[in-house]
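Here are my notes on this one, written as numbered points.

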2 protein chains.
Amino acid sequence: MHPTLLTDQYELTMVNAALKDGTADRRCVFEVFTRRLPTGRRYGVVAGTGRLVELLRDFRFADDDIAYLRRAGIVDADTAKWLADYRFTGDIDGYPEGELFFPGSPILTVSGTFAECVVLETLVLSVLNHDCAIAAASARMVTAARGRAVIEMGSRRTHEQAAVAAARASYLAGFAYTSNLAAGQRYGIPTAGTAAHAFTLLHDDEPAAFASQVAALGKNTTLLVDTYDIAQGIRNAIAVAGPDLLAVRIDSGDLSVLAQHSRELLDSLGATETKIIVSGDLDEYAIAALAAEPVDMYGAGTAVVTGSGAPTAGLVYKLVEVDGRPVVKRSENKATVGGRKVAVRRHKPTGTATEEIVVSQGVPDHKPNDRLLQTSYVISGEPAAQPPLAAARDHLRQCLISIPWEGLKLSAGDPAIPVTVVPTS
Amino acid sequence: MHPTLLTDQYELTMVNAALKDGTADRRCVFEVFTRRLPTGRRYGVVAGTGRLVELLRDFRFADDDIAYLRRAGIVDADTAKWLADYRFTGDIDGYPEGELFFPGSPILTVSGTFAECVVLETLVLSVLNHDCAIAAASARMVTAARGRAVIEMGSRRTHEQAAVAAARASYLAGFAYTSNLAAGQRYGIPTAGTAAHAFTLLHDDEPAAFASQVAALGKNTTLLVDTYDIAQGIRNAIAVAGPDLLAVRIDSGDLSVLAQHSRELLDSLGATETKIIVSGDLDEYAIAALAAEPVDMYGAGTAVVTGSGAPTAGLVYKLVEVDGRPVVKRSENKATVGGRKVAVRRHKPTGTATEEIVVSQGVPDHKPNDRLLQTSYVISGEPAAQPPLAAARDHLRQCLISIPWEGLKLSAGDPAIPVTVVPTS
């Protein structure tokens, strides 16, 4: 399916009017950035641009889409013809996936004619606002987990297609697995999942359910032990699977106390290597609170797919340059700088990031340990080769190491590093 | 595209194990309900079931999906064969779209064999948790708007496909228009949208931009007047379009003061019929706060598509009956009742709803002014005819009239009416 109508009507009425008055071909630069991070957040995470570039490959107006637009009176005959011929021929540059961003960071720059760029606005923002929100929340959970694996299992709490993108964004942010099979199929993300409470309830008793699961999946599986009594569930699990059972999962109750009791019980049964997985409304704070407990793996769902309190990233797509001239909307408390931007991140010799410098219509002075932040996504309409998802995952891990340690705190605070936007001189 | 892999892995590993041990064909009843509403909310709104039934028509495991499952080691050869032959042959009953629900309301009941029902779990929950969340938030905004029209314009703040479902859910909840063209095309929802700030910035000056828009769209259009100075913007708008311009839109600043000043200015220019549309981070509270101002229409975006603080509805899909026997998970603070349920809503002779009675494995006593809440969505695998979206919209409007007036307050409170779940006697 073509993604062209996943858009706001005004993108097309603007194209229609601009084609009529001759401004449609003016050379424009649009910039994606945020004015502020979600309350208290210290960094944003770029995610979704890889997915966006894939969607842009299919960005062609189909005949029945154009017929709908004509029937609805949204575009005239000339615009319909323009849409039928539409191909994006401009450039898209931006921060790589896995890069951090802050208020004012120009994370995506789209250049071309007004008309060819403006029709991409809604799709660009939908993809980035969603995926960046999920990635930022997920990165905080990965930090809170302190090296323990986290499984994404939130598909059922969000739109069925958003779930697939959420699995991708959380994997990019360092999650180890997803429960979402479409994400496994499309993106090669490792998947996980064994059984729900319904499976135990289906059977005549808990040992029968466990025996069935072990018969089908082997001992290298996770038994869900909290359908009835957890201690008895663990005894049943080890009685059925033996002490080399891979893991048990606890999905309810006071996870802190239950993890301790479960570890003691497993050890007393000789299952000293059997892992404990906990789940149930975990967010970054709940994960952090379990740091001292004998937990081996976390399952997180709702908080991941809803961005843990910040379900959208607040990114905007603003026209910043027309025919080489910087433009900016006059609006109180929105002091933005027009013009195409070049961004660098500055670092101490130790590698710690200190600030981001964003220069309008120019290039920042070069200093040692600077890193240029923008890369090519699309060149003259042709998608550039992109690094694999695993590379974005590595990149984020490196970036999180590079920011001052306060930037990783879960508590509310200022952005980890300041961004200075330097206007055209 | 088939929606079969938009699911959690464990649904399929459970099917695999149940096929091996012979429990896959046990007759089961699964129930969708919520244990609690989002904090402070007084009602939930059923939305998404129409969309779900459409997705279930295409719920067939494609060859390459099955090949992926085999390759990933998720199912064995027998299960792969079962999946290839999969057709849902059971029944789905539930509350109609536009119906209200409360904690314990059995909004969807899925009956059939364990295996055929459990593979639907994740998709059912994704659709309903998303769409119900959007509809509930939207309904509060419609109430706050007190008869003034509300436009949904949040596509850019959520996943590109979730945006289409959000437009549908908000229209169901009483919104007048959406900006989302795919929603217009797929669901026949009226669409709206004219121009963004970029269109004004593109032109040499504001009058040129307005003249272009009026030339393309006529005077029956909305001019966005806050790119530079709003008062001057309004003067430019009327100078270009004349006093019979349809509307102006203000998207920033103190909307209360600006609406008053804009009304005075428009009237002084003779544009007494020109409407004022306001937008910019509006939620139900901001809309309510503008009730006394001369505003004609509201545009709401972020708050709609993120559920205004409650981005997911908290619905669960629980096994409640196996071979006619009620089943229930033992879990602290989750006192749920097993068994297939029948639900009625009781009303005073005046039509005001008083309570919901939900009986397990039986039928509620019939009282005057009772209304049975469940309808057939799927009968023996065949989708039943569904009322059009407009009917769901009307139904919700009637339901909101029927609840006690406290139920419509925006402030935090208890559910509008109590639900009593009566266990099997």
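1. First, a term: "buried" means under 20% relative accessible area, "exposed" over 50% and "partly exposed" in between, using a 1.4 Å probe and protein chains only. By that cut-off, Arg346(A) and Asp370(A) are both buried. This is a predicted model, where local features need pLDDT of at least 70, side-chain atom pairs count only at pLDDT 80 or more, and totals for chains, interfaces and linings use all residues. Residues are numbered from 1 along each chain as its sequence is written, chains are lettered from A and ligands numbered from 1 in the order in which they are written, and side-chain values use heavy atoms, with hydrogens and water left out.

2. Arg346(A) and Asp370(A) form a salt bridge, 2.9 Å from N to O; the term means a side-chain nitrogen of Lys or Arg within 4 Å of a carboxyl oxygen of Asp or Glu. Arg346(A) sits in strand E14 (residues 341-347) of chain A and Asp370(A) in the loop between E15 and E16 of chain A, so the contact ties together parts that are 24 residues apart in sequence. Helices (H or I, at least four residues) and strands (E, at least two) are DSSP runs, numbered from the N terminus.

3. Chain B has a salt bridge between Arg346(B) and Asp370(B), at 2.9 Å from N to O. Here Arg346(B) belongs to strand E14 (residues 341-347) of chain B, while Asp370(B) is in the loop between strand E15 (353-360) and strand E16 (371-372) of chain B, so parts 24 residues apart in sequence are tied together. Both residues, Arg346(B) and Asp370(B), are buried.

4. Which strands make up the open sheet of 4 strands in chain A, and in what order? They run E16-E14-E15-E19, with mixed pairing; two strands pair if DSSP finds at least two bridges between them. Strand E16 (371-372) and strand E19 (419-422) of chain A are at the edges with a single partner strand each, so one side of each has no neighbour in the sheet. Strand E15 (residues 353-360) of chain A runs parallel to E19(A), joined by 4 bridges, and Val358(A) has Val421(A) as its bridge partner there.

5. Now strand E9 (residues 247-250) of chain A, which is covered on both faces: Ala247(A) and Arg249(A) are buried on one side, Val248(A) and Ile250(A) on the other. Strand E8 (residues 222-224) of chain A pairs with E9(A) in the parallel sense over 3 bridges, with Thr222(A) opposite Ala247(A). The chain gets from E8(A) to E9(A) through helix H11 (residues 230-241) of chain A, in a right-handed β-α-β crossover. Right-handed here means that, with the strands pointing away from the viewer, the path from the first strand over the helix to the second runs clockwise.

6. E9(A) also runs parallel to strand E10 (residues 275-279) of chain A, with 4 bridges; Val248(A) is partnered with Ile276(A). Together with helix H12 (residues 255-268) of chain A, E9(A) and E10(A) make a right-handed β-α-β unit.

7. How many residues of each chain are in contact at the interface of chain A and chain B? The count is 94 residues of chain A and 94 of chain B, contact meaning heavy atoms within 4.5 Å. Between them the chains bury about 7400 Å², 57% of it on carbon and sulfur atoms; buried area is the accessible area (1.4 Å probe) that two parts lose on being put together, summed over both. On the chain A side, Arg156(A), Leu181(A) and Leu202(A) lose the most area, together 11% of what that side buries.

8. Glu11(B) and Arg156(A) are both buried. Elsewhere, Asp8(A), Glu11(A), Glu121(A) and Arg156(B) are linked in a salt-bridge network.
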